[in-house]
Every structure is written in C-alpha cells, then in structure tokens.
Amino acid sequence: MLDIQLFRHDIGAVAAGLAKRGVALDTVRFEALERERKDIQTRTQELQNRRNVVSKQVGAAKGRGEDATALLAEGAGLGDDLRRLEGELDRVQGAQREFLLDLPNLTHETTPVGRSSDDNVEVRRWGAPRAFDFAVRDHTDLGEGLGLLDFAAAAKLSGARFSLLRGDLARLHRALAQFMLDTHTREHGYVEHYTPYVVNAETLVGTTQLPKFEADMFSVRKGGQEGEGEKLYLISTSEITLTNTVRGEILPAESLPIRLTAHTPCFRSEAGSYGKDTRGMIRQHQFDKVEMVQIVHPSESYEALEQMTRHAETILQRLGLPYRVMALCTGDIGFASAKTYDLEVWLPGQGAYREISSCSNCEAFQARRMQARFRNAQGRTELVHTLNGSGLAVGRTLVAVMENCQRADGGIDVPAALVPYMGGVDVIGARR
C-alpha cells in the first residue's frame with residue numbers, strides 16, 4: 001500500500017508515477033475524501049474545544065453553588081456529536097484505505113518504462129541453446145512417450161490444467177526441490193520453513209493478493225458448508241506465508257536481514273489466462289515452487305534484489321540450463337513490485353525463453369499493509385522492505401531439464417547436480 005502522505009503532499013507526482021504503469025489515478029475521488037476527512041476533523045476539534053469550555057463552566061458553576069443542569073445537558077449532547085463524528089471519520093478513513101488498497105506500487109526509477117512485455121529489457125544471458133542433431137520434442141511428448149507424464153489421469157481426477165507424474169519423473173521433480181532447498185539453505189543463508197497451505201484473508205491483504213486479485217485464488221470454507229464459517233484461501237505462493245511471519249512485528253535492527261525459504265505446492269485459478277499454454281505443464285492450477293523471501297533494512301533492499309536474483313541464477317547454472325535475465329518494464333511489472341527481474345529459461349520444445357523465476361523488491365509496499373517494522377538507530381520504528389523470488393518454480397524447471405537434456409532415443413539425461421538426489425540414476429528412460 002502506498003503512503004497516504006504522498007497523496008497529501010504531491011498527488012500530481014503520484015499520478016505521474018502510476019501513469020507509467022498505465023494506471024489512471026482518480027484524483028477527484030481522493031481529494032473529495034480528503035475534504036470530507038478534514039471537515040470532520042475540523043468539526044471534531046471545534047466540538048472538543050467547546051466541550052472543554054463547557055466542562056470548565058460546569059466546574060465553576062458548581063463551585064459557586066449554581067445550577068449546572070443546562071451546561072451538563074450541553075456537554076452530554078457534545079459527547080453524542082463527537083461519537084457520531086468518530087464513526088464518520090472511521091467510515092471516511094476506511095474508504096481511503098480501500099482506495100489505496102486498489103492501487104499498485106510506484107516503480108523504482110531504474111525500472112524501464114513501457115507498456116507490455118515487449119518493452120522488457122534484457123540485462124544479461126547465460127549459456128547457449130543446445131544444437132540438436134535430431135528432431136526436438138517438447139516435454140509433453142517426452143513425458144508421455146516414457147509413460148511417466150499422464151494428463152489424462154490428472155484430468156480424470158481433477159480436470160484440466162493438472163498433471164500426474166510417475167516413477168523417475170516424479171523422483172526428478174522431488175530431486176529438483178531438494179537440490180534447490182539445499183543450495184539456498186547451505187550456501188545462500190536462507191532458513192527453511194514448512195508453512196500452512198491455507199491462510200485467512202488478512203494474510204492475503206498483507207501480501208496484496210486481496211482484495212484486488214481474489215479471482216486468482218482458490219477458496220474454501222471452514223466446516224465445508226457453503227456460506228458457513230470463515231473463508232480461507234489456498235496459497236498461490238509461499239511468499240504469502242513467509243512474508244506474513246513478520247506481520248504486526250517490531251523487529252530489532254540487528255535481526256535484519258531475514259532470509260526465508262520454503263518448498264510448497266501453489267494453487268492458482270489462472271483467471272483470465274484461459275487459452276494460454278493449454279498444452280503441457282507450463283500453466284497449471286497446482287504446481288510446486290521453492291520460494292525465497294528477504295526482510296531487510298530499507299537502505300539495503302536493492303543490493304538484496306541483485307543478490308536474490310543471483311541466488312536463483314545459481315540453480316539454473318548448476319543445472320546447465322541456458323537463460324536470460326529481463327528487467328520488467330512499468331507496464332508488465334507485478335502489482336506490489338517497485339522493480340523486478342524475470343529469469344527466462346530456454347525451452348527447445350517451444351523454441352523460446354520462458355519465465356522460470358521472478359525476483360522483486362516491494363520496498364515498503366507490503367510492509368505498510370502488514371505493519372512490519374524495525375526499530376532504527378534513533379529508537380524510532382520504521383517500515384522494513386520486503387523482497388521475494390522464485391528459487392525456482394519446480395515444475396517449470398522440470399520442463400526445462402526434460403527439454404534441454406533430452407536424448408535421441410526419447411530418454412532424458414539427469415544433470416550431474418541431481419544425480420546424488422536420484423540415487424545414482426543418471427538417465428531416465430534409457431534402454432537397458
């Protein structure tokens with residue numbers, strides 16, 4: 001959530017910043033709410049002053065032995081008026097909060113300005129796409145050819161956009177997650193967590209999935225009856241749970257930075273994406289991800305963003321997967337982010353680079369919603385900065401390994417980094 005003081009001090013600058021993202025700020029609406037708020041607070045102050053005067057007059061009258069009935073009645077009426085104004089102020093401030101909750105973050109000055117993904121800027125690339133001397137298959141043909149990837153069975157169980165893995169392919173999926181967690185915890189300083197997969201609405205407000213993106217979430221009710229009990233949501237990423245661990249906290253400065261990681265399933269309704277990536281495992285309702293989250297001092301968040309991006313790159317490099325790093329433009333960046341790098345891995349089956357990780361600095365945008373703070377050197381509380389990044393999306397990494405490491409005989413070479421996690425198996429589907 002943006003700082004309301006920015007709107008009060010220079011709403012034109014806020015409007016210009018949001019315009020870079022293609023968002024038109026309703027300045028008339030905000031200014032109307034501000035006028036109403038100021039009017040209520042002015043009237044409240046006037047009534048409080050009058051009540052103080054009346055209170056003194058009551059005391060003076062009683063001291064002189066005079067009848068104070070009229071003054072007491074006026075004081076009681078003033079109290080009723082103040083309570084009514086308090087309710088009006090709560091209503092207006094609630095409307096202002098709803099107004100702010102609907103607006104995305106302002107982007108950092110180094111975020112490229114653009115309208116769509118076509119305007120994203122390549123920062124660097126690593127590795128060269130492999131030259132094959134046989135006809136390249138995509139992961140769907142490879143997995144189904146081996147009998148290890150079954151979309152028909154998944155559809156029978158759950159419907160479209162689900163997959164079922166068997167045998168060594170399921171084992172490779174598990175190996176990837178374990179390899180990612182081991183790298184991030186042993187080498188990059190992240191603390192592994194096991195988090196809930198189901199969260200309440202307040203948690204999703206903290207990391208910005210609610211209220212704006214409720215359609216993208218799967219929800220359930222406690223007790224299982226329609227309309228009964230608290231509405232809960234399946235997480236779309238463990239960024240949600242990891243980041244919210246500091247919600248409502250005042251952290252000691254010396255505890256920063258905090259680095260957290262978790263391997264969880266992720267559930268997304270993919271609202272608005274129907275017709276996109278309908279083949280294969282690229283866009284699923286359920287997938288696994290190893291997430292990285294950092295909670296840092298504001299002065300260190302952009303250094304942390306570069307660091308986190310390198311952490312995600314380490315996984316791709318050790319798997320030998322060619323990729324490129326893209327700086328997302330203002331028209332393509334996520335709602336909460338001030339600056340984002342996407343890692344896009346080369347997929348031979350598609351002949352294209354596809355996103356496999358997104359690393360973002362949200363600055364204080366999430367922290368303001370969560371009231372996640374630390375105590376600075378002056379002893380005052382200050383909002384932390386939050387960052388998140390995929391380290392990596394496990395299913396998409398599996399796709400990339402399958403397609404980049406495919407063999408002419410339809411088998412898949414296991415990257416050397418994963419062989420220990422596979423019990424020594426170095427080829428899937430090899431003729432024996």
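Reader: Which residues gather in a patch of negative charge on the surface?
Author: Asp118, Asp119, Asp332 and Glu355. Patches are built from residues with over 30% relative accessible area and no salt bridge, with like charges joined within 9 Å. Lys and Arg count as positive, Asp and Glu as negative, and His and the chain ends are not counted. The place of a charge is NZ of Lys, CZ of Arg, CG of Asp or CD of Glu.

Reader: What kind of model is this, and how are residues numbered?
Author: It is a predicted model, in which local features need pLDDT of at least 70 and side-chain atom pairs count only at pLDDT 80 or more, while totals for chains, interfaces and linings use all residues. Residues are numbered from 1 along each chain as its sequence is written, and side-chain values use heavy atoms, with hydrogens and water left out.

Reader: Back to Asp118. Buried or exposed?
Author: Asp118 counts as exposed because its relative accessibility is 70%. Buried means under 20% relative accessible area, exposed over 50%, and partly exposed in between (1.4 Å probe, protein chains only). The areas come from the Shrake-Rupley method.

Reader: Where does Asp118 lie?
Author: In the loop between helix H3 (69–101) and strand S1 (121–126). Helices (H or I, at least four residues) and strands (E, at least two) are DSSP runs, numbered from the N terminus.

Reader: How many helices and strands in the chain?
Author: 11 helices and 18 strands. Of the 432 residues in the chain, 49% are buried. The C-alpha atoms fill a box of roughly 110 × 50 × 40 Å along the principal axes.

Reader: What about salt bridges, how many does the structure hold?
Author: 25. A salt bridge here is a side-chain nitrogen of Lys or Arg within 4 Å of a carboxyl oxygen of Asp or Glu. One of them pairs Arg279 with Asp138, the closest N and O atoms being 2.7 Å apart. That pair links distant parts of the chain, 141 residues apart: Arg279 is in the loop between S9 and strand S10 (286–296), and Asp138 is in the loop between S1 and helix H4 (139–146).

Reader: Which residues are linked in a network of salt bridges?
Author: Asp39, Arg43, Arg84 and Glu88.

Reader: And what does Arg318 pair with?
Author: Arg318 meets Glu187 in a salt bridge, 2.7 Å from N to O. This pair also links distant parts of the chain, with Arg318 in helix H9 (residues 301–319) and Glu187 in the loop between H6 and strand S4 (191–193), 131 residues apart.

Reader: How long is H6?
Author: Helix H6 (residues 167–186) has 20 residues and reaches 28 Å from its first C-alpha to its last, close to the 28 Å expected. The expected span is 1.5 Å times one less than the number of residues. Its buried residues include Leu169, His173, Phe179 and Asp182.

Reader: Changing topic: which peptide bonds are cis?
Author: Leu256 to Pro257 is cis, with omega near 0 degrees, and Pro257 sits in the loop between strand S8 (250–252) and strand S9 (258–267). Gly391 to Leu392 is cis as well, with omega near 20 degrees; Leu392 is in strand S16 (residues 385–393).

Reader: What is phi of Arg161?
Author: Near 65 degrees, a positive value in a residue other than glycine. Arg161 is buried, with a relative accessible area of 11%.

Key:
Patches are made of residues with over 30% relative accessible area and no salt bridge: like charges are joined within 9 Å, nonpolar side chains (Val, Leu, Ile, Met, Phe, Trp, Tyr) within 5 Å. Accessible areas come from the Shrake-Rupley method with a 1.4 Å probe; for residues, only the protein chains shown count as cover.
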